[in-house]
Structure formats: structure tokens, C-alpha cells
Amino acid sequence: MNVQELSEKVGERLRNRFGEAITHSEIHYDFPVYIIKREVVQDLLLYLYNDTELSFRFMTTLCGLHYPDQKDRELGVMYQLHNLGENWRIRLKTFFPIHDPTVPTATTVFASANWQERETYDFYGIQFTGHPDLRRILNMDEMTYFPMRKEYPLEDGTRDDKNDAFFGR
Amino acid sequence: MSDTIQLPGVNISAENTPAGLEGVGFFATRLDKVVGLARKNSLWPLPFATSCCGIEFMATMASHYDLARFGSERLSFSPRQADLLMVMGTIAKKMGPILRQVYEQMAEPKWVLSMGACASSGGIFDVYSVLQGIDRIMPVDVYIPGCPPRPEQVLEGILKIQDLVENESLRRRDSPEYKSMLTKYGIE
């Protein structure tokens, strides 16, 4: 089955089941991508997991997204799923406003989402409702901001020996 | 007293003898000179190696460059027995408190050598997660520049440490400057 066929097949099943909650679908390189509403994240993951034909039972990865220019859909979460039997891979994305960065946890379906959601919280400040232990995982506990959000500078803020004239800024 | 031993085709320089009185069967000199000499030539380094500088240090320890020639044969992997903390590699901010604890666990007298651009200044890693030089959390005696430095430079750094060990006061820890420096870092 090629990517086009896979995209249509999964898209049709999802639209039949979740209707309006699937707001958009596209093919990004060799990945079918579905933009979904955050309210259905858990149900949709469970549906894809339990369905005997689709059987997306492996979550490859999960990460945060930040597009500062998308009004009211600045932050997002991306899930990448794998059907290991058929070697089908798909991506799900959900977006929400930066002033309300909450999304239901995926740990109810995939236990491996635990640390990945902690990492996403650590770097993007996304609150996963229902997560069993949502605290920082990689950065130091004392950190007061979410460093991968684009409003924060990448550089260390404590350097005082840098003359901008030498750095072309 | 001769400083060199002459062998056919080989010139091995022995340690410089401190000034003193010499006679048949005895040699008298200042105690601090003897202690300095002993300390200098039996440093036990604790290698705190986190990245590529650590690999370069392994080359320094191995037979080709052979740090053992300078009296540092024995690496100490316990801070309690180490004299010299060698910090080699990028130190993440999250690792800062651990490195500092290692330093605090070392007994006086102790020295710190910062190897490479990362340990000395953060290097190319000017980012939110990397400590911008270990001298932000602990005093440093010798910095070795380079990314990574060659083993020859590491040996040069060790020799600089040896100079310090040989020549500074045996009770450096009691001096007001040393105490005030530690206070500045918040180390008791």
C-alpha cells in the first residue's frame, strides 16, 4: 500500500468515526498527517490502537510544536504512530492557544508517553491533563521558563563577556 | 649535587634538588621544600570526563604520552583520595551541583584543572542548558585552552599544576585570600 492509499484509508476511517474532529489531512513527505482537535486525542489513539485492521500499537514519538505566528493555535503536540505488522506510519497533530496549553495525556493508551510528555512539558510548558507525574525531566528543576518556546533566547542569559559587535548582532 | 645522570646517548633529567646542606649520609633542607617535592610528584588526579576532552585525556594517560612519567600514575575515582580535580568536557547546568559536590568532598590540599573550551567557558555551547565555565561554581587553578586540547597541552597543564603545588604555601587553605575565595563561591 502506498502513502496515498494509506492516507485515504486511515483518513476515511477516522472521519467516519470522529467526523468534525479531524480538521485537516495532508501528506508530508512519506507521512500521512492528520490535524485533530485536542478533545478527541485519547479516544482517537485508543481507536487506532484497538481497531483490528489499523492496529497502530506503537507510538514512535511524541513532541511539542510552537508556531508563534498561528493565532490561537500557537502550540501543538505531534504524535507519530506505527503499525508494526503492516509497517504503516502516520502522524497526528493537534493545536491549541498558548494561553491555554492543555491537552489530554496519552499515557492512558501508551505507557511510553509518560517520559515523552514530561519532556514536552519541560521544553514547551504543555500541560498534559491526567498525566501521573508531570514534572521536569531533562532540565534543572530550578529552571523558570520553557526553553524551546520561541519567545526565549537560545543563548545562556548569564553571559556578560559577549560584545555583540563581534557577533554581527 | 648533580641534577643529571649521564648514560651513553641518554640524558635523563632528575628532579631539581632544593637548596640545602649536604654531607656524607645526610641532606638538610626546608621541610616545605620536601613536602612540596613529594606532593608535586605524586598527584592523584580525579578525572571528571564528560565528553571529547575525556577521550583526549585517555590518550594522555595511555602509553604514548604516559602521564605516569610525571607522577600521576594512579587515577583516583574517589574524591576523598584525590588531590587534583580534572574537569574535562561540557558541564550541563544540571550537572553543576554534582561536580561541586565532588569538589567539596575532596580533602585539602586540592587543585582544579579545567580542560578545554567547554569546561573553561561553555565553549560553543552558549545555550540555556550548559554551565558557562566551571569557575562559576568552583575555583580553578589552571585552564587548558583548546577544543579539545592535544595531550601535550594536557601535560603542560599538569606541569603548571605541579609548579603551583611545589611553590605555594603548604598551608594555602589557611590564607585569608583562599578563605575569602571559597566564601565567594559559598563553599565552607
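The questions and answers below concern a predicted model with chains A and B.

User: What makes strand 3 and strand 4 of chain A a pair?

Analyst: Two strands pair if DSSP finds at least two bridges between them. Strand 3 (residues 58-66) and strand 4 (residues 75-83) of chain A share eight bridges, so they count as paired. Their sense is antiparallel. Thr61(A) stands opposite Gln80(A) of strand 4.

User: How do you know that strand 4 of chain A also pairs with strand 5 of chain A?

Analyst: Nine bridges join strand 4 to strand 5 (residues 88-96) of chain A. The cut-off is at least two, so these strands pair. They run antiparallel. Asn83(A) faces Trp88(A) of strand 5 across the pairing. The hairpin of strands 4 and 5 of chain A has four residues between the strands. Asn87(A) takes a positive phi there, near 60°.

User: What makes three of the chain A residues that touch chain B nonpolar?

Analyst: The contact takes eight residues from chain A and nine from chain B. The chain A side divides into three nonpolar, two polar and three charged residues. Residue type decides: Ala, Val, Leu, Ile, Met, Phe, Trp, Tyr, Cys and Pro count as nonpolar.

Conventions: Residues numbered from 1 in each chain as written. Chains lettered and ligands numbered in written order. Predicted model: local features only at pLDDT ≥ 70, side-chain atom pairs only at ≥ 80, totals over all residues. Helix = DSSP H or I, 4+ residues; strand = E, 2+ residues; numbered from the N terminus. Contact = placed C-beta atoms within 7 Å.
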